[in-house]
Amino acid sequence: MTDCIFCKIVNGEFGTEFVYENEYAVVFKDINPKADKHLLVVPRKHFDSLKELDDEFLLGKLMMTVKEAAKVCEMKSYRTVINTGKDAGQEVFHLHIHVMEGNIRL
Ligand code: 5GP
Ligand code: ZN
């Protein structure tokens with residue numbers, strides 16, 4: 001999607017540092033962290049939200065990516081959040097999983 005901010009980040013257009021990446025997803029720090037450590041796991045492929053995700057295999061890979069990224073970032077105890085839809089607080093309409101540790105405010 002050409003006007004999607006997370007597609008642009010995935011494509012390296014902003015030079016965002018990836019703390020972890022694999023074939024399926026990239027992981028970077030949230031620009032406005034709601035915890036001491038706050039990562040976003042973002043699939044390389046665009047889906048507006050979890051509602052549009054129709055790929056069970058990819059869903060599994062994304063959850064494995066959460067684990068792998070948390071390990072790389074030395075997160076021992078963390079919360080995962082997926083906001084789906086505007087009323088639930090979704091602001092960026094490219095599926096992403098929040099991964100947070102310490103003083104969590106989301
Ligand atoms: P949502 O509310 O959609 O579940 O979460 C979107 C998250 O993306 C927010 O926590 C927000 O701070 C983060 N975010 C929005 N734009 C950018 C950006 O350009 N770079 C980074 N690293 N995070 C962003
Ligand atoms: Zn996108």
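**Notebook: pocket, patch and salt bridges**

I began with the largest pocket, where α1 gives the largest share of the lining, three residues. I worked on a predicted model, where local features need pLDDT of at least 70, side-chain atom pairs count only at pLDDT 80 or more, and totals for chains, interfaces and linings use all residues. Residues are numbered from 1 along each chain as its sequence is written, and side-chain values use heavy atoms, with hydrogens and water left out.

**Pocket**

I took a pocket as an open set of points on a 1 Å grid over the protein atoms alone, where a 1.4 Å probe fits, with protein on both sides within 12 Å along at least five of seven lines; lining residues have an atom within 4 Å of a point. The largest one holds about 430 Å³ of space. I found 20 residues in its lining, and F6, D30, I31, L40 and V92 lie nearest the centre. Two elements give two or more residues to this lining: α1 (5–10) and β2 (25–29). Helices (H or I, at least four residues) and strands (E, at least two) are DSSP runs. I sorted the lining by class and got nine nonpolar, seven polar and four charged residues.

**Salt bridges**

My criterion was a side-chain nitrogen of Lys or Arg within 4 Å of a carboxyl oxygen of Asp or Glu. How many salt bridges does the structure hold? I found two.

E21 pairs with R44, with 2.8 Å between the closest N and O atoms. E21 is in strand β1 (residues 20–21) and R44 in the loop between β3 (37–43) and α2, so the pair ties together parts 23 residues apart in sequence. I then checked exposure: buried means under 20% relative accessible area, exposed over 50%, partly exposed in between (1.4 Å probe, protein chains only). E21 is partly exposed at 43%, and R44 is partly exposed at 31%.

D30 and K34 form a salt bridge at 4.0 Å, N to O. Is D30 buried or exposed? D30 is buried, at 12% relative accessible area. K34 is partly exposed at 25%.

**Surface patch**

I looked for nonpolar side chains joined within 5 Å, each residue having over 30% relative accessible area and no salt bridge. L50, L59, M63 and I82 form such a patch, with about 280 Å² of accessible area together. M63 sits in helix α2 (residues 56–72) and is partly exposed at 36%.

I104 falls in the segment after β5 (97–101). I104 is partly exposed at 28%. I104 and A35 are 69 residues apart in sequence, yet 4.4 Å apart in space, C-alpha to C-alpha.

Methods
Chains are lettered from A and ligands numbered from 1 in the order in which they are written. Grid points are joined across faces, edges and corners, and a volume is the space filled by probe spheres set on the points. Ala, Val, Leu, Ile, Met, Phe, Trp, Tyr, Cys and Pro count as nonpolar, Asp, Glu, Lys and Arg as charged, and the others, Gly among them, as polar. Patches are made of residues with over 30% relative accessible area and no salt bridge: like charges are joined within 9 Å, nonpolar side chains (Val, Leu, Ile, Met, Phe, Trp, Tyr) within 5 Å. Accessible areas come from the Shrake-Rupley method with a 1.4 Å probe; for residues, only the protein chains shown count as cover.
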